[in-house]
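Open the model in your viewer and keep the selection panel at hand. Each stop below gives a selection and says what is there.

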Amino acid sequence: MENITTKHTAPRDVFLYLLNILTFYLSVIGFIMLYIQYISALFPDPLNFYYTAIASGVRVATSMFVVAVPVFILTSWLLAKELKINPEKREGRLRKWLTYFTLFVSAVTIIINLIIFVYNFMSGELTIQFFLKILTVLLVALGVFGYYIWELRRKDNGTSRVPKILAWTISAIVVASVVVGFFVIGTPQEQRARRFDEQRVSDLQVLQNQIVNYWAQKQTLPENLNMLEDSISGFLVPTDPDSAAPYEYEILTPLSFNLCGVFKTSTKDFSVAYKGSRSLYIEPMYYGSSFQQNWDHEAERTCFERTIDPELYESKSLPAL
């Protein structure tokens, strides 16, 4: 009768074990990704700092972490409950295979990170950011490896309080990690405001290019932004993504103009302090290096004055046939 019950519940066991191991991997990956992004934000590297990429990475990692961890804890509790009722399942093939596979992945992760550490050390990569990232991955991999070694050797038939302590510890880590994110990259409301500002800067960059192209073709600035619209190319003048208000445009001289927008955040809030001062700012990703002008702004109406260099943007007419 006992064997029949075990066979009858085998599909359920397979489902729980596979879901458990999948959410475990997602939880570990999400945790590592999350804290790597936190380290990048708290200890920025002037050679490689993009606020937008960090914020996006934090959102992805937090989503994985927050969703996967509760499912992992739930499936672990269900499996532990089943093992307590049927201790013989502890020696099941599926459980053994998945456990040893996890040990294998952990060992490979440790070895790869040690190789990366040695390689980067010999390449002169000695930043605090690099050491903390390597340390984070190593500690997680060692923790996973140690736990599953203990899991393979335990003989308490489900009476140990270690899994319950770990469940509460992991839950506390999840809550703390999400709270830390609010301090590192801001609340969801602040993130939304910054994304709106990203779009505003992108719109102003497009308008700037269209105005310069217009001048290059006609040797005069457009009287208003509506003159930039083109039914052939399909260009439509963008408006503020939040309020739908038109961007401000003002001709200053025959070769200079102002473009203005109303921003909700300041670029200085997510710039990088370098060598003890804030004189040098590493700009977010959306302020691409191909744009020579400065797009820094405060959380207010900001205007950007641009002057066209006729020698640089002079229209070159085609030779007569």
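## Stop 1: D240 and its loop

Select D240, found in the loop between α7 and β1. Helices (H or I, at least four residues) and strands (E, at least two) are DSSP runs numbered from the N terminus. This is a predicted model, where local features need pLDDT of at least 70, side-chain atom pairs count only at pLDDT 80 or more, and totals for chains, interfaces and linings use all residues. Residues are numbered from 1 along each chain as its sequence is written, and side-chain values use heavy atoms, with hydrogens and water left out.

Is D240 buried or exposed? D240 counts as buried, because its relative accessibility is 8%. The cut-offs are under 20% relative accessible area for buried, over 50% for exposed, and partly exposed in between (1.4 Å probe, protein chains only).

Now show the side chain of R200. A polar contact of 2.7 Å joins it to the side chain of D240. Such a contact is a pair of N or O atoms within 3.5 Å; within protein, one must be able to donate a hydrogen and the other to accept it, and residues adjacent in sequence count only if both atoms are side-chain atoms. The D240 side chain also reaches the backbone nitrogen of S243, at 2.9 Å.

Contact means heavy atoms within 4.5 Å.

## Stop 2: two positive phi values

Stay in the loop between α7 and β1, and pick A244. Its phi is near 65°, a positive value in a residue other than glycine. Next pick Q219, in the loop between α7 and β1 (248–253). Q219 follows α7 and has a positive phi, near 60°. Most residues other than glycine have a negative phi. Q219 is partly exposed, at 43% relative accessible area.

## Stop 3

Select residues 188–218, helix α7. How far apart are its end C-alpha atoms? They are 45 Å apart, which agrees with the 45 Å that 31 residues should span at 1.5 Å a residue. The expected span is 1.5 Å times one less than the number of residues.

Move to α5. Its 26 residues reach 37 Å from first C-alpha to last, close to the expected 38 Å. Colour its buried residues, among them F130, I134, V137, V144 and Y148.

## Stop 4: N20

Select N20, in helix α2. N20 is buried, with a relative accessible area of 8%. A polar atom of its side chain lies 3.4 Å from the backbone oxygen of F72. N20 touches F72, T75, S76 and L79, not counting residues up to four places away in sequence.

## Stop 5: the largest pocket

Select F72, S76, Y147, P163 and L166. These lie nearest the centre of the largest pocket, which 42 residues line. α2 (10–42), α3 (51–85), α4 (93–122), α5 (128–153) and α6 (162–184) each give two or more residues to the lining. α3 gives the most, with 11. About 1300 Å³ of space lies inside.

On a 1 Å grid over the protein atoms alone, a pocket is an open set of points where a 1.4 Å probe fits, with protein on both sides within 12 Å along at least five of seven lines; lining residues have an atom within 4 Å of a point. The volume is the space filled by probe spheres set on the points, which are joined across faces, edges and corners.

## Last stop: the whole chain

Zoom out. The protein chain has 8 helices and 3 strands. Of its 321 residues, 36% count as buried.
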